[in-house]
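Subject: A structure for you to look at

Hi there,

Here is the structure I promised to pass on. Have a look at it first, and then read my notes below.

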Amino acid sequence: MASKNTAAAAVAPQEPQKTELSVVRQEMLERVEKQLEQMNKKGRIHFPANYSSSNALQAAWLILQDTNDRNGKPALEICTRASIMNCLLRTVVNGLSPSKSQVYYIPTGNALTMFISYFGAVAMAKRHGMKDDPFTQVVYKGDGFEYEIDPVNRTMTVTEHTQKLENIKAGNIIAAYAVAEMNDGSFRTEIMTIDQIHKNWERGPMKGNGPMHKDHPEQACRRTVISRLCKMIVKASDDSDLVMDLFDETDDLEVAAEIDEHANQTPIDITPDPEEVPEDLPEDPQDDPEPPAAVDDAAEQLHGQQKMDAGF
């Protein structure tokens, strides 16, 4: 009888052991969710309506599982836990959805870096007073184009834009602009010359040579100026101190194009070369050189960030 019991015990199903990755996942997500709960109770963050922070974190983790550096090493293995949790925290604090391509996660050395995409920039601007999608147009050589600058209210207004069909050629682009109506009835305008747009593209890893830039330069120009406009709207909001400073001058088209270019091939790392970065750096670099040592530090940085005045 004893031998039968022993045999039965030997074949009894046992609970599967948790892998190291699953343990790390559970630990990091729990810490981030705990910190978010504390921040929410203190009124330091306000999630958008119908936004699930848990779903966003789960989606981000699934994306990270398939994210590698240029050497093919998994981001979850080479990136520090602090930088990963920092990116997760920033994603949710800003109400962004990884599953909707509103953010990109890129390994830069041993740290994970997060980029806000064009879609993420528009989503954030709408939560900070932008009424609808911005109106945007490209200005071609030969167009009639005039605008006014109001130094008192720090705004620009396009007063005239006339265009002929024969002007519409990719090689004739001289500028692009975007106009957004705000919930209070006011309007925000951003204008960029083609030189400024090209300079923005050149900061990316593909130097403005991605498929979108080559095949659809008009659309690329529109998206670039819209991203700049949305950035300024978010920075000018009353609760800008609650928004993590994530916007980077690297055009999101460059990041997306680089990812597509290397899809199913060699994983990439878009760490910028310091010698290739223009001298007139943006006033709001995306990340500090070193990520916070823990998610608590990242939260403290968020709470203590000062409000920034927007320049138009």
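At what angle do helix H3 (residues 53-65) and helix H5 (residues 81-93) pack? Please keep in mind that this is a predicted model. The angle between H3 and H5 is about 140 degrees, and their axes are 10 Å apart. Angles over 145 degrees would count as roughly antiparallel, so H3 and H5 are described as oblique to each other. Their crossing is right-handed.

Which residues make this contact? From H3 come Ser53, Ala56, Leu57, Ala60 and Leu64, while H5 brings Ile84, Leu88 and Val92. Seven of the contact residues are nonpolar, one is polar and none is charged.

Now for H3 by itself. This helix has 13 residues and reaches 18 Å from its first C-alpha to its last, close to the 18 Å expected. Its buried residues are Ser53, Ala56, Leu57, Ala59, Ala60, Trp61 and Leu64. Among the elements covering them are helix H2 (20-41), H5 and strand E1 (103-108).

- Ser101, in the loop between H5 and E1, has a positive phi of about 60 degrees although it is not a glycine. Its relative accessibility is 35%, so Ser101 counts as partly exposed.
- Arg154, in the loop between strand E4 (144-150) and strand E5 (155-162), also is not a glycine and has a positive phi, near 60 degrees. With 40% relative accessibility, Arg154 counts as partly exposed.

Happy exploring!

How values were computed. Residues numbered from 1 in each chain as written. Predicted model: local features only at pLDDT ≥ 70, side-chain atom pairs only at ≥ 80, totals over all residues. Heavy atoms only, no water. Axes fitted to C-alpha atoms, helices over the stretch in contact; angles between N-to-C directions. Helix = DSSP H or I, 4+ residues; strand = E, 2+ residues; numbered from the N terminus. Parallel < 35°, antiparallel > 145°, perpendicular 65-115°, else oblique. Left-handed = near helix turned anticlockwise from the far one by under 90°. Contact = heavy atoms within 4.5 Å. Nonpolar A, V, L, I, M, F, W, Y, C, P; charged D, E, K, R; others polar. Expected span 1.5 Å × (residues − 1). Buried < 20%, exposed > 50% of the residue type's maximum accessible area, 1.4 Å probe, protein only.
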